[in-house]
Amino acid sequence: MGNNGERALPAWEASWIWGDGPDSPRNAWRCFRRAFVPADVAETASIRIAADSRYVLYVNGKRVGRGPVRSWPFELPYDEYEIGHLLQPGARNVIAALVLHYGISTFQYLRGRGGLLLQLDGVRDAAGRGIATDGAWKTAAHSGYDPNASRISCQLGFQEVLDARAMDERWIAPGYDDGGWEAARVVGPVGTAPWTTLVPRPIPYLTEEPIYPARVEALHAVRPPAWTCVLDVRAAMAPESAEHANNVAFCGLLATHVALERDARLTIGVVDSGRLPVDVSVDGRRLPEDAYAGEHPERYATVELSAGEHFLLFDVTGVSHGHAFHLAMDAGGVPFEVRSPLALAGGSGDGSCGSPFAAIGPFDKRELIDHRPGEPLSTDHPDYARARGAATPEDLAALGGWVRAVDAQLVNLQGVFAANVWKTHDEPRPVPIELQRAALPSPDPAVVPIFDGADSELVIDFGRELSGYVELVLDAPEGAVIDGYGLEYMRDGWRQHTYLVDNTFRYVCRSGRQTFASVVRRGLRYLALTIRGAARPVKLYEVKLLQSNFPVANVGRFRSSDALLNDIWAISRDTTRLCMEDTFVDCPAFEQVFWVGDARNEALVNYYTFGARDIVEHCLKLVPGSAFQTPLFADQVPSGWNSVIPNWTFFWVTACLEYYRFDGGRPFVEQMGPHVRFTLDHYLALRNEQGLLERAGWNLLDWAPFEQPGDGVVTPQNMFLVKALRDAAELGQAAGDGAEAARFRAEADLLAERIDLLLWDDERRAYLDCIRADGTPSATASMQTQIVAYLCDIASGERKRLIERYLIEPPASFVPAGSPFMLFFYYEALAKLGRVDVMIDDIRRHYGFMIENDATSCWEMFPWSGYNKNPKLLTRSHCHAWSAAPGYFLGAHVLGVQGAAPGWTAVRVAPHPSGLAWASGSVPLPQGGRIDVSWRVSDGRKLHLRIEAPASVALTTEAPDGYEMTVETVTY
């Protein structure tokens with residue numbers, strides 16, 4: 001239903017409910033049910049529902065929806081679904097919900113407490129009672145989901161490990177007997193903290209479009225290492241870090257014990273350390289650096305060990321954001337056990353918590369917040385040195401209270417990611433033509449072959465990047481294990497593994513035909529399915545992904561005489577769609593995070609491809625909610641990571657103005673104005689005695705090797721503050737606050753003068769990238785800084801003419817743009833300069849390189865950005881909407897369609913042929929409808945332009961320089 005605020009709804013009768021046990025358990029999967037016989041069913045019967053953290057709603061066994069929208073806990077949206085058509089009057093009905101409570105903070109969620117709130121409106125039972133969550137509801141922990149499953153990443157929640165044998169799948173249906181379930185515990189009424197305010201859902205529901213694969217890419221006979229696990233080291237060292245998503249620095253170690261049946265060569269693999277150092281000791285002997293094989297982040301050490309007991313020590317001193325520590329071991333077929341060293345030392349180990357690890361320390365730890373500099377981590381504690389020398393379990397006893405068992409919930413002994421990355425046997429096999437049926441929904445299944453002594457891995461290519469929920473329909477023997485692993489990129493047999501993201505799931509089958517329906521969103525192009533331990537072949541009837549994104553149609557279009565530009569525009573559009581969830585997100589595979597600065601560029605592309613307004617407004621209004629974390633506003637929201645990138649806040653101010661220009665609504669400006677003023681005044685307070693913004697913190701603009709230090713005066717940052725102040729002045733003017741507008745303009749002019757006076761380098765004839773905290777100038781000169789200077793109108797006269805020349809002919813000594821994100825600003829500068837031809841050539845060069853390398857969506861960065869060290873690693877994320885610039889610029893400057901008044905009540909069409917023979921396309925209008933534009937060049941310099949648009953839009957046109965233009969206008 002989306003936003004239902006326009007119609008009156010019954011008062012809330014429901015209470016928040018949960019089960020027995022902790023208020024906020026880690027990785028809790030809890031089932032709720034309410035059976036009833038309705039006396040009657042109104043045509044408008046609907047359910048309102050909210051939950052902490054995620055829910056899946058079922059009515060009479062049918063999945064109805066999932067949510068909620070990400071939000072601050074103090075302003076939680078509820079969803080509403082019409083369900084009258086699913087109810088059976090006079091019969092037994094059931095409403096069921098699966099609630100996943102994280103019990104930790106992520107980059108999308110602040111830790112609250114477990115809770116479900118649900119009310120059925122328009123229905124009463126035979127006794128005249130309403131159906132709403134209360135103590136009459138039944139609840140049980142879902143016994144199939146492993147609560148010890150590991151974090152996907154620091155940004156996201158938990159991996160799925162589901163044993164279908166452990167829970168009757170019919171629990172969502174009316175006929176299920178819930179007599180053994182407990183009564184729900186009432187938490188409190190509507191308004192209970194932390195959900196102090198409930199609001200209607202502000203955006204429409206996301207799509208769920210079934211997408212089937214293109215082909216089975218590969219088949220392999222594989223074997224994993226003998227033992228795998230995943231550790232949450234951050235939580236083990238800093239349990240209180242569940243309350244936030246900030247980095248934590250700690251000084252400590254982990255210990256375990258290996259018992260070999262006979263002499264063996266034991267390989268210890270740290271498959272992904274989660275950015276922690278790899279420092280391993282065996283029986284008190286620290287392994288030297290040259291003992292490790294493999295490229296970072298995979299490190300493998302093989303040691304010759306005798307039969308019997310061996311003590312392993314891992315020094316994990318470092319900084320962790322919450323990424324998992326993936327560990328695996330293999331002894332070449334020699335059996336071994338991994339046990340708790342505390343049990344062997346006579347303490348409490350396996351018996352008390354089931355974990356084979358002991359934590360030693362932390363001897364020091366620090367929560368790190370980038371805008372609150374603190375003391376550095378200390379590694380000087382004498383007990384830390386003693387702990388590093390431990391050689392046996394008995395040595396731990398001497399360390400006393402520094403040693404404790406690692407909680408079993410922090411140790412996942414089903415390391416699916418490690419089993420997919422490190423294979424002790426990997427043999428390619430030809431793909432039987434019958435196996436290609438796995439790519440098709442068909443009554444004839446694809447039969448996955450069984451290999452003697454090995455598991456069967458098939459890699460399925462969906463043909464393009466996707467984001468959503470994997471579903472499998474299969475027939476399998478009881479106990480067969482299906483491991484799934486989503487990848488974004490493969491080439492010539494090489495796979496780009498999703499390090500720092502455990503993009504996997506494990507499904508343990510019951511016997512017979514069954515469906516696995518994932519409830520965790522993931523992004524991928526390729527899905528590796530590995531069948532392990534199957535007593536007979538597994539039959540795959542259906543493999544699909546429910547593509548889930550913000551509901552938009554392809555209203556915008558672009559075609560031209562250049563096929564490469566057409567492909568580039570298409571991947572830009574598709575990237576933006578994939579990164580539109582309940583907010584804009586940076587990337588569907590790695591993070592799924594609403595980064596505030598990224599969203600400014602994404603919103604502009606959206607205006608030209610889809611024309612959606614409500615997602616933009618929702619995103620912009622979320623940002624001031626971070627004021628309780630910092631008055632500078634956080635760079636990603638809503639998030640437990642209290643982090644600031646000033647440019648991202650400045651881009652938010654600009655995005656507010658651009659939304660006003662697109663939407664034309666004054667109430668939005670009036671609502672956001674105080675928040676804009678609040679944060680900009682706090683930034684202005686950070687100016688130094690020379691009048692320049694100077695701060696310690698994360699001062700990012702681009703992934704590139706130019707100086708943007710964590711302290712000092714960063715030039716582009718100061719320049720973007722000038723632009724933010726000027727944009728705030730325009731917002732103030734739109735809200736009718738002339739005095740505020742004048743104040744912001746004056747502050748902008750003053751700061752621009754100080755930049756031009758103090759940050760220009762006469763010798764290099766360019767603006768400095770920074771002045772370091774010690775007062776010395778940057779060693780680098782970059783295109784980034786000169787681009788921003790031009791965009792923000794800092795330079796004038798000869799300096800401006802120099803920078804205009806640099807935009808067209810960048811000096812070889814200047815650091816170039818390292819990411820497509822920075823190219824967005826470069827293209828803005830070129831458009832401002834009137835050199836769309838240079839922009840088009842640059843788009844062909846940079847984005848054409850992506851197309852040449854099989855891109856179906858836009859990359860986060862380029863291989864020459866300085867971020868990637870492996871030459872095969874072309875980018876980190878293969879789908880990142882901060883990079884989708886051509887989706888905006890080709891419509892705005894090649895087609896030439898630009899809004900000329902707030903709300904686009906007036907539109908200017910000024911095409912730039914830039915060497916093209918023709919172009920055509922459509923641009924959405926903010927209040928509905930579209931403008932269709934086509935133009936064609938003939939006789940070299942004659943251009944015929946055709947425009948079709950609603951009569952309500954005032955049209956003006958402008959011919960490109962040097963062209964004779966005729967205009968045909970059709971209105972309706």
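In this predicted model, the residue N247 touches V319, S320, H321, R366, E367 and L368, leaving aside residues up to four places away in sequence. One of these neighbours, H321, also takes part in a polar contact: its backbone nitrogen lies 3.4 Å from a polar atom of the N247 side chain. N247 itself is found in strand 18, which covers residues 247-260. Is N247 buried or exposed? Its relative accessibility is 19%, and because buried means under 20%, N247 counts as buried.

Which strands pair with strand 7? Strand 2, made of residues 28-36, runs antiparallel to strand 7 and is joined to it by 9 bridges. Within this pairing, F36 stands opposite N93.

Attention now turns to a helix. Helix 16 has 14 residues, numbered 820-833, and reaches 20 Å from its first C-alpha to its last, close to the 20 Å expected at 1.5 Å a residue. How many residues of helix 16 are buried? The count is 12 of 14, and the helix is thus mostly covered. The buried residues are P820, F821, M822, L823, F824, F825, Y826, Y827, E828, A829, L830 and A831. An α-helix has 3.6 residues a turn, so residues three or four places apart point the same way. Just after helix 16, G834 takes a positive phi of about 85°.

Aromatic rings provide another view of the fold. A search of the whole structure finds 53 aromatic pairs. Why is the pair of F824 and F889 described as edge-to-face? The ring centres are 4.9 Å apart and the planes meet at 65°, so the pair falls into that class, for which the angle must be over 60 degrees. F824 belongs to helix 16 and F889 to helix 18 (residues 886-894), so the pair ties together parts that are 65 residues apart in sequence. Both partners are buried: F824 has a relative accessibility of 0%, and F889 has one of 1%.

F862 and W864 form an aromatic pair with another geometry, namely stacked, with 4.8 Å from centre to centre and 10° between the planes. The two partners also differ in their surroundings. F862 is buried, with a relative accessible area of 0%, whereas W864 is partly exposed, with a relative accessible area of 43%.

R30 lies over the face of W18, at 5.7 Å from the ring centre. In the other example, the charged end of R743 sits over the ring of F744, at 4.8 Å from its centre.

Note on methods
Residues are numbered from 1 along each chain as its sequence is written. This is a predicted model: local features need pLDDT of at least 70, side-chain atom pairs count only at pLDDT 80 or more; totals for chains, interfaces and linings use all residues. Side-chain values use heavy atoms; hydrogens and water are left out. Helices (H or I, at least four residues) and strands (E, at least two) are DSSP runs, numbered from the N terminus. Buried means under 20% relative accessible area, exposed over 50%, partly exposed in between (1.4 Å probe, protein chains only). A polar contact is a pair of N or O atoms within 3.5 Å; within protein, one must be able to donate a hydrogen and the other to accept it, and residues adjacent in sequence count only if both atoms are side-chain atoms. Contact means heavy atoms within 4.5 Å. Two strands pair if DSSP finds at least two bridges between them. The expected span of a helix is 1.5 Å times one less than its number of residues. Rings of Phe, Tyr and Trp (its six-membered ring) pair if their centres lie within 6.5 Å; planes under 30 degrees apart count as stacked, over 60 as edge-to-face and the rest as tilted. A charge sits over a ring if NZ of Lys or CZ of Arg is within 6 Å of the ring centre and within 35 degrees of the ring normal.
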